[in-house]
Amino acid sequence: FDYPPAAKTPAERLLSADEGDYIVGGSPPVLWGAHDVTSAESPAPLPVRDVVIVGHPLSGILALDVVDGKRRWSVPEMRMACRYLSLSDRLVVAADDHGTLHTFVPATGEPKWTARADAETLLTADTEAIYLLTKDRRLRAVGRSDARIRWTVRLPEDFGKRILPRPVAHRGRLVITTSTGRVMAVNTESGRTEWTAHGLAKERALFPAARNGIVVLNGKTLSARNVSDGKQLWAYTEKAYYDSSLKEWSRPGIYGDMVYTFGCDTQGYGFPMAFDVRSGKKRWEGGVAVGSNDNPILRQGHGVWLLDDEPVPKVSATSTQNDARATWS
């Protein structure tokens with residue numbers, strides 16, 4: 001297929017309290033806001049270079065300009081509940097009510113190729129394929145180069161009904177997790193199961209994050225495994241402040257050689273920390289506590305960004321220095 005080049009990403013300068021962009025403890029100014037463009041049922045916004053893709057109950061999927069929030073394009077016939085994915089920032093893929101995959105140029109909305117895939121939920125993509133769940137809860141790979149179905153496999157019952165739509169595809173493995181603390185890795189070329197593990201999480205949803213052949217998993221321990229064969233490389237546990245129970249770890253995110261996550265205690269608090277991906281050694285701890293959640297921790301610009309659901313939803317940012325204090329919220 002004809003793949004257009006990725007659009008250039010607009011850049012905003014990094015804000016600095018020293019230059020008067022914001023007051024420490026206050027909030028920086030809002031660049032733009034877009035109202036009534038999404039819903040509680042829609043997937044998370046998806047930034048793709050110069051646009052942000054959102055799900056809209058009437059407009060299907062909608063692209064907003066990343067600079068000013070103005071509407072670029074929309075496709076009402078796309079089913080937002082199926083989720084949408086970026087294909088190397090060159091195409092956005094979504095699905096309609098019939099499960100047919102559709103691709104669009106992110107910057108313009110120009111339609112490209114389609115594929116009949118019986119898609120119920122789009123999971124993730126790598127350079128070779130798009131991975132999805134079919135309407136009868138099978139796992140399927142669709143090739144990006146020819147839009148043909150590469151393979152389809154049946155999942156164990158526990159996976160088919162409780163799979164979480166946040167897997168990772170990395171170095172020939174698709175790592176899938178469930179809401180019941182199970183994980184499995186399948187071969188991305190054949191769909192064959194390569195390794196599994198169970199009982200990894202208790203209260204928290206289980207999420208994988210991968211880099212340099214290592215997959216990091218949260219849950220009852222924060223652990224790292226070889227993505228190829230599932231061999232455990234390290235595991236980290238930490239006692240809660242208020243009792244002798246162990247913290248449970250929330251959704252991990254990898255930036256460079258650091259993995260960021262929350263250590264959650266039984267009192268409902270989450271404490272942001274970062275660890276060396278290869279050794280598991282703690283490298284950073286944010287001097288803030290948020291409500292326990294499975295929201296991602298993001299590292300961007302000069303800061304680490306945290307989303308706190310309770311009691312009032314807010315975003316906080318800290319510096320990347322060890323024992324960092326909140327910069328603003």
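Predicted model: local features only at pLDDT ≥ 70, side-chain atom pairs only at ≥ 80, totals over all residues.
Residues are numbered from 1 along each chain as its sequence is written, and side-chain values use heavy atoms, with hydrogens and water left out.

**Exercise 1: salt bridges**

Solution: 
- Start with the rule: a side-chain nitrogen of Lys or Arg has to be within 4 Å of a carboxyl oxygen of Asp or Glu.
- Now take one of them: Asp-21 and Arg-13 pair up with an N to O distance of 2.6 Å.
- For burial, the cut-offs are under 20% relative accessible area for buried, over 50% for exposed, and partly exposed in between (1.4 Å probe, protein chains only).

**Exercise 2: Lys-247 and its surroundings**

Task: which side chain forms a salt bridge with Lys-247, and which ring does its charged end sit over?

Solution: 
- The salt-bridge partner is Glu-238, at 2.8 Å from N to O.
- Lys-247 is buried because its relative accessibility is 1%. Glu-238 is buried as well, at 13%.
- While we're on salt bridges, shared partners also tie Arg-79, Asp-97, Glu-120 and Lys-135 into one network.
- For the ring, the test is NZ of Lys or CZ of Arg within 6 Å of the ring centre and within 35 degrees of the ring normal. The charged end of Lys-247 sits over the ring of Tyr-241, 4.2 Å from its centre.
- Arg-251 lies over the face of Phe-207, with 5.0 Å to the ring centre.

**Exercise 3: aromatic pairs**

Task: sort the pairs Tyr-236 with Phe-275 and Tyr-255 with Tyr-260 by geometry.

Solution: 
- Rings of Phe, Tyr and Trp (its six-membered ring) pair if their centres lie within 6.5 Å; planes under 30 degrees apart are stacked, over 60 edge-to-face, and the rest tilted. The whole structure has eight aromatic pairs.
- Tyr-236 and Phe-275 are 4.7 Å apart centre to centre with 55° between the planes, which makes the pair tilted.
- That pair links distant parts of the chain, 39 residues apart: Tyr-236 is in strand E20 (residues 232–236) and Phe-275 in strand E24 (residues 269–276). Strands here are DSSP runs (E, at least two residues), numbered from the N terminus.
- Phe-275 is buried at 0% relative accessibility, and Tyr-236 is buried at 19%.
- Next up, Tyr-255 and Tyr-260 come out edge-to-face, at 6.0 Å centre to centre and 65° between the planes. Tyr-260 is buried at 1%, whereas Tyr-255 is partly exposed at 27%.
- Finally, ring pairs join Tyr-236, Trp-249 and Phe-275 into a cluster.

**Exercise 4: around Gly-253**

Task: which residues is Gly-253 in contact with, leaving aside its neighbours within four places in sequence?

Solution: 
- Apply the contact cut-off, heavy atoms within 4.5 Å. Gly-253 is then in contact with Met-258, Val-259 and Tyr-260.
- Ser-74 is 179 residues from Gly-253 in sequence, and their C-alpha atoms are 30 Å apart.

Definitions and conventions:
Helix = DSSP H or I, 4+ residues; strand = E, 2+ residues; numbered from the N terminus.
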